[in-house]
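Visitor: I would like to go through this model and ask what stands behind each label. Please show it to me.

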Amino acid sequence: MDYTVCSKVVNYASEDYKYAFDLLMQFTYENPHRVIINDEILDEYLKLAENNYVIKSWITGMDYKKYWKKLTPKDKENIFIDTCKFSSDKKIIVNEKEDYSESDYLGLDVFNKDEAIEHLKPTKKVKNKIIQKGKKNQMSNGNNSPNSK
C-alpha cells in the first residue's frame, strides 16, 4: 500500500517521538507499505529534518531502503491532497482529520496519526491447533473425502 504522509504528521513526530517511532519508522521495516513523495513533499520533509536527528534518520532510512514511491500529480494546489488523489491506493495520513476540509477528502482513505499506527501494525500469525480426543478421530477434506458425501 502506498500512503501520502502530510508534513504536519512529520512535524508532530519531530516533537513527539512516539509518532516518529510508532508511525514513521514503520515505513522503514520490511512490509508492503511505501510513502509517496515528489520534489515538493521531500522538500517539506527535509526542512523538518534540518534540526531534528530523528526525522533525518527516518529520511535516511527511507532513502537507504528505497521505500519511497515517486509520484508527481498534474495539479499541485495542495501538494499532499493532490498527490494522494493522483495515487492508485488513495490513502493519506494526516495529523488530525480537521487539518483539511471534508470536501478535500472525497475519494480518499483518511487516517489520523493514531489510526495510522493501528492500521500499519503488522498482523500476527495465528497457529492453528487441532485438539483430538478419542481413539477413532478422522479428519479429511477434498472431493474424495468420506466427510464430503
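Guide: Start with a definition. A salt bridge needs a side-chain nitrogen of Lys or Arg within 4 Å of a carboxyl oxygen of Asp or Glu. Keep in mind that this is a predicted model.

Visitor: What makes Asp22 and Lys18 a salt bridge?

Guide: Their side chains meet at 3.3 Å, N to O. The cut-off is 4 Å, so the pair qualifies.

Visitor: Why are Asp22 and Lys18 said to be about one helical turn apart?

Guide: Because both sit in helix H2 (residues 17-22), 4 residues apart.

Visitor: Why is Lys18 called partly exposed?

Guide: Its relative accessible area is 40%.

Visitor: How many salt bridges does the whole structure have?

Guide: A search finds 8. One of them joins Lys65 and Glu30 at 3.2 Å, N to O.

Visitor: What makes Lys65 and Glu30 a link between distant parts of the chain?

Guide: They are 35 residues apart. Lys65 is in helix H4, and Glu30 is in the loop between H2 and strand E2 (34-37).

Visitor: Is Glu30 buried or exposed?

Guide: Exposed, with a relative accessible area of 65%. Exposed means over 50%, so Glu30 passes.

Visitor: Why is Thr83 called buried?

Guide: Its relative accessible area is 0%. Buried means under 20%, so the label holds. Thr83 lies in helix H5 (residues 79-86). Its contacts beyond four places in sequence include Thr4, Ile36, Leu71 and Pro73.

Visitor: How do you know that Thr83 and Asn38 make a polar contact?

Guide: Their side chains come to 3.0 Å.

Visitor: Which residues touch the most other members of the largest nonpolar core?

Guide: Tyr45, Trp58 and Ile93, in a core of 40 residues. Helix H4 (residues 53-65) gives the largest share, 5 residues. Trp58 touches Tyr45, with Val10, Phe27 and Trp68 also among its contacts beyond four places in sequence.

Visitor: Why is Tyr53 called exposed?

Guide: Its relative accessibility is 60%. The threshold is over 50%, so Tyr53 counts as exposed. Tyr53 is found in helix H4. With Tyr17 and Phe21, Tyr53 forms a nonpolar surface patch of about 340 Å² accessible area together.

Key. Residues numbered from 1 in each chain as written. Predicted model: local features only at pLDDT ≥ 70, side-chain atom pairs only at ≥ 80, totals over all residues. Heavy atoms only, no water. Core = buried A, V, L, I, M, F, W, Y, C linked by side-chain atoms within 4.5 Å. Buried < 20%, exposed > 50% of the residue type's maximum accessible area, 1.4 Å probe, protein only. Helix = DSSP H or I, 4+ residues; strand = E, 2+ residues; numbered from the N terminus. Contact = heavy atoms within 4.5 Å. Patch = residues over 30% accessible without salt bridge, like charges linked within 9 Å, V, L, I, M, F, W, Y side chains within 5 Å. Areas by Shrake-Rupley, 256 points an atom, 1.4 Å probe, with all protein chains shown as cover. Polar contact = N/O pair within 3.5 Å; in protein donor to acceptor, adjacent residues only side chain to side chain.
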